[in-house]
Amino acid sequence: MSQPTIESILQEKRLFNPPPAFSQQATIKTLEEYEQLYQRAQADPQTFWAELAQKELHWFEKWHTVLDWQPPFAQWFVGGKLNISYNCLDRHLLTWRRNKAALIWEGEPGDSRTYTYAQLHREVCQFANGLKQLGVQKGDVVGIYMPMIPEAAIAMLACARIGAPHTVVFGGFSAEALRDRLNDGKAKLVITADGGWRKDAIVPLKAQVDNALANGAVPSIEQVLVVARTQQPIEMQPGRDHWWHDLRQGVSADCPAEPMDSEAMLFILYTSGSTGKPKGVVHTTGGYNLYTHMTMKWVFDIQDTDVYWCTADVGWITGHSYIVYGPLSNGATSLMYEGAPRASNPGCFWDVIEKYGVNTFYTAPTAIRAFIRMGEHLPKARDLSSLRLLGTVGEPINPEAWMWYYRVIGNEQCPIVDTWWQTETGGHMLTPLPGAIATKPGSATRPFPGIIADVVDLAGNTVPAGEGGYLVIKHPWPGMMRTVYGDPDRFRRSYWEHIPPIDGQAVYFAGDGARKDEDGYFWVMGRVDDVISVSGHRLGTMEIESALVSHAAVAEAAVVGRPDEVKGEDIVAFVTLEGNYTPSEELIKTLKQHVVNEIGALARPSEIRFSDALPKTRSGKIMRRLLRSLASGEEVSGDTSTLEDRSVLDKLREGS
């Protein structure tokens, strides 16, 4: 494992205080209030979380033990019984929220639906009873392979309602990737759709399910439930396949929520590694419900009148936590959008914000850099004045992309919550609370109350301010993953054995390098693998990428290392240009010198390659592992099931 002793030379000094008007109405209003919360949580984590669990959630039965910690295995609220579907729906029906919009959905072709809490409750109960009719019982794993339509969220809530753990597989995954995940989870039933819209084209989801299940390849699957979305012709296998619109005829909408043990498995969500089969991250009911609820409430400062929009897909943890469970547990209005910026409508995100008066907008740095490339004229042609809070998720954000987001989308009026977290953590870990914490472009700022984070060396010693090290979490938290499904040894190896115990306590290693500045702000530098050693100097790829993106010609950049016999590694940069610039030898020289000016001569790229696009996962992360192979002239290997557009990789290979 490479040691990320990053000597940061990009000294970001800009500081943005929360707007006074925002702080005045915020739930957490001042830095002092945040620090009191943080110190109370640090001094007595169990009391802190227990008080919130009692106050914020509905329990059928109270727990007898707040935390049972047998490192690395945690159990929270042991003996307690609750149901996350009940907390997301039923309890709101007893209040004025009964007739409030719970879910607003905008389809890619322009169709739309809105569900109040009462209507969503009815749909979920009916869907849950439909699953029961197909033989799904408490404890059975249900696969969900859906487009971004309301039925995806309804299916998740229905599974949770009857105690059937769900495993959502992103609708862009291949049949092979779907097959592997269904087999690993031993799913009994899979829910899908005839097809889904993506960038003006139909994705043939049911056909992919048929391919995945062909020749008995997933023996645990007994039934397939199909939602009609695109109305395209599909094959239906008698006895196995069922149309939802046929099945729902006469299905009761009365389905009491099943009291679930706090540690009952809620879902499995697979993350893909560079080698080996994907890891099935297991989250359980009580701790996950509380953690997504509290992070949603405090990080997004969610207000009863807000229209909140997270642009992720429900197939990712961001969609689980911050489209479905976190917003609905808080009684918020959550917006789902099936579409994406595309050639036929590059400004579609701004159309949605204007149409629905979105107040909180949560998206990825990759998307923001794409917006920059498309040009300011698109958002400036829309009325975005409803926005009061912006957020970023998925990877560290370059300071200049942060500034563009703040200036162009937020009109310098909206705080930005730059959130660092993972599938494994369940919810936000490092993040500003927008009414309380001043922000710095590129920094995830401070830990969420109850999260004890540090930056350490390989021996577990805290590194000095400004120096790079490993980002660790020193105490369990309610939203943490419980294990890797079916492989507890892999859970231990993957997350708990890289850094030795600190003060006798096992620590969670996130896999990311970071540094902490003199103000206690965390700067996440990306995966520890994304560190380049040049003549003994260790540089974070994030810093070189930020230097490149700060040049007016560059829309997006990805930097990787290439083995070099003399220097150890060479720096190779893959760059996409702003629309008004074209590749040239002169521009390559200019960009290399720009990096030297920003960081120093040791960071000068040996090679810059221009590309129309970069290889990304379907959640928008750049697949630097593939770029490292290309830069080194090696054959691309490992898991590529998450790659969104294979043609991007092919073009880069041809140009190398």
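Figure 1. Cys125 is buried, because its relative accessible area is 1%. Here buried means under 20% relative accessible area, exposed over 50%, and partly exposed in between, with a 1.4 Å probe and protein chains only. The model is predicted: local features need pLDDT of at least 70, side-chain atom pairs count only at pLDDT 80 or more, and totals for chains, interfaces and linings use all residues. Residues are numbered from 1 along each chain as its sequence is written, and side-chain values use heavy atoms, with hydrogens and water left out. The closest cysteine sulfur to that of Cys125 belongs to Cys255, 5.4 Å away, too far for a bond. For Cys348 the closest cysteine sulfur is in Cys310, at 15 Å, again too far for a bond. Cys348 counts as buried too, at 1% relative accessibility. A search of the whole structure returns 0 disulfides; a disulfide is a pair of cysteine sulfur atoms within 2.5 Å.

Figure 2. Cys348 belongs to the buried set of helix α12 (residues 348-356). Helices (H or I, at least four residues) and strands (E, at least two) are DSSP runs, numbered from the N terminus. Just after α12, Gly357 has a positive phi of about 60°.

**Figure 3. Ser321 in helix α11.** Helix α11 covers residues 317-329 and includes Ser321. Is Ser321 buried or exposed? Ser321 is buried, because its relative accessibility is 0%. Its side chain makes a polar contact of 2.8 Å with the side chain of Tyr288. A polar contact is a pair of N or O atoms within 3.5 Å; within protein, one must be able to donate a hydrogen and the other to accept it, and residues adjacent in sequence count only if both atoms are side-chain atoms. Neighbours within four places in sequence aside, Ser321 is in contact (heavy atoms within 4.5 Å) with Tyr288, Thr292, Gly326, Pro327, Trp421 and Gly426.

**Figure 4. Met260 in strand β13.** Strand β13 consists of residues 260-261, and Met260 lies in it. Met260 counts as buried, because its relative accessibility is 5%. Apart from neighbours within four places in sequence, Met260 is in contact with Gly80, Lys81, Leu82, Asn83, Lys138 and Gly163. Met542 is 282 residues from Met260 along the chain, and their C-alpha atoms are separated by 43 Å.

Figure 5. Helix α18 (residues 585-598) has 14 residues, which should span 20 Å at 1.5 Å a residue; the end C-alpha atoms are 20 Å apart, so the two agree. The expected span is 1.5 Å times one less than the number of residues. Which residues of α18 are buried? They are Leu587, Ile588, Leu591, Lys592, His594, Val595 and Val596. These buried residues pack against α17 (541-549), β28 (554-564), β29 (568-577) and β30 (607-610).

**Figure 6. The setting of the close-ups.** The protein has 20 helices and 30 strands. Its C-alpha atoms fill a box of roughly 70 × 55 × 50 Å along the principal axes. Of the 656 residues, 64% count as buried. Among contacts between residues at least 6 apart in sequence, 71% join residues at least 24 apart.
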